[in-house]
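Trainee: Hi! I'm new to this one, could you walk me through it?
Mentor: Happy to, let's bring it up.
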Amino acid sequence: MHPLFIHVGNCVWILLILIGVPNITGLQFGKLFVSATPEFQMLTLGGFGIGLAANLFGGWMLRGNKQRRACWKWAGAHAVLLVINYLVFNGQIHFQWLKDALLWLKKIIGSF
């Protein structure tokens with residue numbers, strides 16, 4: 001298997017998780033967006049878990065050094081995303097600093 005296929009497959013999988021899962025678990029009424037948080041959490045964590053398991057299996061089973069390296073790198077990326085999502089869903093990571101920075105930027109840009 002060529003490493004390009006590994007990269008493309010993982011990129012498609014992450015896009016499916018980050019774009020497709022919110023569309024599956026959410027419902028929009030005009031400008032109001034309603035989301036089912038438990039299903040979103042389960043599908044997101046499950047998707048990253050599947051990606052992690054598939055890349056660990058690929059890193060263990062593939063013969064070529066480049067293919068193994070690509071799988072191990074993607075396994076690390078999926079593991080990091082899995083941990084970050086877990087911490088966000090459990091409320092241990094907050095992005096209030098990001099919200100404050102964006103509101104400050106909006107106030108600065110709005111004054112021009």
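Mentor: A term to start with: a nonpolar core is a set of buried Ala, Val, Leu, Ile, Met, Phe, Trp, Tyr and Cys residues joined through side-chain atoms within 4.5 Å. Keep in mind that this is a predicted model.
Trainee: Okay, which residues make up the largest nonpolar core?
Mentor: It has 7 residues: Ile6, Ile14, Ile17, Phe48, Ala70, Cys71 and Trp74. Helices H1 and H3 each supply at least two residues of this core.
Trainee: Is Ile17 buried or exposed?
Mentor: Ile17 has a relative accessible area of 4%, so it counts as buried. Ile17 belongs to helix H1.
Trainee: And what is Ile17 in contact with, leaving aside neighbours within four places in sequence?
Mentor: Pro22, Thr44, Gly47 and Phe48. With those neighbours left aside in the same way, Ile14 has Phe48 among its contacts, along with Trp74, His78 and Leu81.
Trainee: Switching to H2, what do its buried residues pack against?
Mentor: They pack against helix H1 (3-25) and helix H3 (65-89). Thr44, Gly47 and Phe48 are among those buried residues.
Trainee: How far apart are the end C-alpha atoms of H2?
Mentor: They are 36 Å apart. That agrees with expectation, because 25 residues at 1.5 Å a residue should span 36 Å.
Trainee: What about the surface, which residues make the nonpolar patch?
Mentor: Phe95, Trp97, Leu98, Leu102, Trp104, Leu105, Ile108 and Ile109 make a patch of about 820 Å². Leu105 sits in helix H4 (residues 96-110), and at 38% relative accessibility Leu105 counts as partly exposed.

Terms used. Residues are numbered from 1 along each chain as its sequence is written. This is a predicted model: local features need pLDDT of at least 70, side-chain atom pairs count only at pLDDT 80 or more; totals for chains, interfaces and linings use all residues. Side-chain values use heavy atoms; hydrogens and water are left out. Helices (H or I, at least four residues) and strands (E, at least two) are DSSP runs, numbered from the N terminus. The expected span of a helix is 1.5 Å times one less than its number of residues. Buried means under 20% relative accessible area, exposed over 50%, partly exposed in between (1.4 Å probe, protein chains only). Contact means heavy atoms within 4.5 Å. Patches are made of residues with over 30% relative accessible area and no salt bridge: like charges are joined within 9 Å, nonpolar side chains (Val, Leu, Ile, Met, Phe, Trp, Tyr) within 5 Å. Accessible areas come from the Shrake-Rupley method with a 1.4 Å probe; for residues, only the protein chains shown count as cover. A salt bridge is a side-chain nitrogen of Lys or Arg within 4 Å of a carboxyl oxygen of Asp or Glu.
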